[in-house]
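Here is a short report on the model shown below.

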Amino acid sequence: MTLLDGHAREGRFARVNPVAKLAASGLIAIPLVLTLDVVSAATALVLEMLLMPFAGVRWREFWVRTWPVWLAAPLTALTIALYGEAGGTVHLEWFVIRVSDGSLELAAATFFRVLAIALPSVVMFLTVDPTDLADGLGQVLRLPARFVMGALAGLRMVGLFIDDWRALELARRARGVADRGRIRRLFGMAFALLVLSIRRGSKLATAMESRGFGAPGRRTWARESRFGAAEWGLMLIGLAVAGIAVVVSVLTGSWNFILGPS
């Protein structure tokens, strides 16, 4: 079972401990956050796409699940191109809009940066089972059991939001209050969903407390969370992707450390 569907995953990375997946995504993201240049982000993106076939996600599902990222990246780049810091030749200037060589370069870097950071995170998320993640957080990272079990319960409730939204929509249609005023209806349903979520969360917290999930002392776990060679290998792959991207960027003179002197 995965966070987003109930189908078993196949692939070298699909069966790796979720803690290693989170660590690998973090290792890739850290250097890309510290720089803003086209070369490092594009290099990381190319390497990531070469590794995607081993993630256990079919290409059709990959495009279906990641389309928000592919939509957000060009929109973000467009905003930077129109309103980013100007530099070099100015190609277009009107009111607060100023398109220049500098803003276009920042836009291209932002486009590849968003894709290189978001895509591996989304793909790793697709192949994570909530229970396996909780086991890893509690046994590998030694996080407090109370926090881990609460997070697991919250993740299990995420899938219910869609069902609740559909039920609310059908109920409002049955009452004849969903035929007009779409914006007003959207806010009304969002508020109703918020109230429903708070009530459900309160009941879930009470039920978990009554069953001893918040009891002090050392907690036992039904399944052992193993962290072995496959997990270390995935983390090394993430480190290698980040390292190659940084080296290529430095060698080409494109490295732009955002925390450095302006």
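How many positive and negative side chains does the protein chain have, and how far apart do the centres of the two sets lie? The chain has 28 positive and 19 negative side chains. The two centres lie 11 Å apart. Lys and Arg count as positive, Asp and Glu as negative; His and the chain ends are not counted. Each charge is placed at NZ of Lys, CZ of Arg, CG of Asp or CD of Glu.

This is a predicted model, in which local features need pLDDT of at least 70, side-chain atom pairs need pLDDT 80 or more, and totals for chains, interfaces and linings use all residues. Residues are numbered from 1 along each chain, and side-chain values use heavy atoms, without hydrogens or water.

The protein chain holds nine helices and two strands. Their order from the N terminus is α-α-α-β-β-α-α-α-α-α-α. Helices are DSSP runs of H or I with at least four residues, strands runs of E with at least two.

| Property of the protein chain | Value |
|---|---|
| Accessible surface (Shrake-Rupley, 1.4 Å probe) | about 16300 Å² |
| Carbon and sulfur part of that surface | 65% |

Of the 262 residues, 32% count as buried (under 20% relative accessible area, 1.4 Å probe).

Helix α1 (residues 18-34) packs with helix α9 (residues 229-251) at about 10 degrees, with axes 8 Å apart. The pair is therefore roughly parallel (angles under 35 degrees). Axes are lines fitted to C-alpha atoms over the stretch in contact, and angles run from 0 to 180 degrees between N-to-C directions. Residues in contact (heavy atoms within 4.5 Å) include A20, L27 and P31 in α1, and L234, G238 and V246 in α9.

How values were computed:
Buried means under 20% relative accessible area, exposed over 50%, partly exposed in between (1.4 Å probe, protein chains only). Angles under 35 degrees count as roughly parallel, over 145 as roughly antiparallel, 65 to 115 as roughly perpendicular and the rest as oblique.
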